[in-house]
Amino acid sequence: GSSTACIVVLDRKSQMLHSANLGDSGFLVIRQGSVVHQSSEMQHYFNTPYQLAIPPPGQAGTVIEDSLDEAESTSFSVELGDLIVLATDGLFDNVSTEQILKELSQLEDHSTESIQHITDSLANLARAHSFDPHYVSPFAKQARCEGINITGGKPDDITVLIAVVSEMGEDLALENNGDV
């Protein structure tokens, strides 16, 4: 099997977010309604993300095998109240950054319930878009840039996690993990 990987560590003491990302899963840092930092999508070519893999016996060298050494590593200074959205490509292929920001603007406060509501809302929006044959998804837009004329969403795994940078002792991180 194979997998993309997105690892994010928040050092609250220094208020630094450290990340390693390989493939098309990723994260956004949102501050006051705007994206202030985001991971880069890593693909060999369209719809072929970098990924960690263990090839089946006899297939070594015939499948894409990327290494953790190829991951993009970043460090970014965060502020109290910043939102960190981590997700698989099931979100990013089906929901634009503008739509993500619109959903996040509905966040009433940083309570567990409010964050869970927005997390579920994003995952459900991605799922609905993934099965809509008429929706012009971010994936379909990218396909068109590659000369592939398609419409619709892209059914895929959808995992969304939202965390809030908060004072020491406050732990707020909720996720919605559903396979489509």
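His37 is buried (under 20% relative accessible area, with exposed meaning over 50% and partly exposed in between, for a 1.4 Å probe and protein chains only), with a relative accessible area of 16%. This is a predicted model, in which local features need pLDDT of at least 70 and side-chain atom pairs count only at pLDDT 80 or more, while totals for chains, interfaces and linings use all residues. Residues are numbered from 1 along each chain as its sequence is written, and side-chain values use heavy atoms, with hydrogens and water left out.

Let us stay with His37 for a moment. His37 lies in strand 5; helices (H or I, at least four residues) and strands (E, at least two) are DSSP runs, numbered from the N terminus. The His37 side chain makes a polar contact of 3.4 Å with the side chain of Thr74. A polar contact is a pair of N or O atoms within 3.5 Å; within protein, one must be able to donate a hydrogen and the other to accept it, and residues adjacent in sequence count only if both atoms are side-chain atoms.

Strands 4 and 5 (residues 34-38) run antiparallel and are joined by four bridges; two strands pair if DSSP finds at least two bridges between them. Two residues separate these strands in their hairpin, where Gln32 takes a positive phi near 50°.

Strand 4 (residues 26-31) has six of its six residues buried, so it is largely enclosed by the rest of the structure. In a regular strand, side chains alternate between the two faces of the sheet. Here both faces are covered, by Gly26, Leu28 and Ile30 on one side and Phe27, Val29 and Arg31 on the other.

Strand 4 also runs antiparallel to strand 10 (residues 83-87), to which five bridges join it, and Gly26 sits opposite Ala87 there. What about strand 10 itself? Five of its five residues are buried, so strand 10 is largely enclosed by the rest of the structure too. Leu83, Val85 and Ala87 cover one side, with Ile84 and Leu86 on the other. Strand 10 also pairs with strand 11 (residues 158-164), in the antiparallel sense and over five bridges; Val85 faces Ile162 in that pairing.

Strand 4 has a part in the largest pocket as well: strand 4 and helix 4 (138-145) each supply at least two residues of its lining. This pocket has a volume of about 450 Å³ and 22 lining residues, with Asp24, Glu41, Phe92, Asp93 and Pro138 nearest its centre. On a 1 Å grid over the protein atoms alone, a pocket is an open set of points where a 1.4 Å probe fits, with protein on both sides within 12 Å along at least five of seven lines; lining residues have an atom within 4 Å of a point. The lining divides into seven nonpolar, eleven polar and four charged residues.

| Residue | Relative accessible area | Class |
|---|---|---|
| Cys6 | 23% | partly exposed |
| Cys145 | 65% | exposed |
| Asp11 | 31% | partly exposed |
| Leu91 | 0% | buried |

The whole structure holds zero disulfides (pairs of cysteine sulfur atoms within 2.5 Å). Asp11 belongs to strand 2 (residues 5-11), and Leu91 to helix 1 (residues 89-92).

Key
Grid points are joined across faces, edges and corners, and a volume is the space filled by probe spheres set on the points. Ala, Val, Leu, Ile, Met, Phe, Trp, Tyr, Cys and Pro count as nonpolar, Asp, Glu, Lys and Arg as charged, and the others, Gly among them, as polar.
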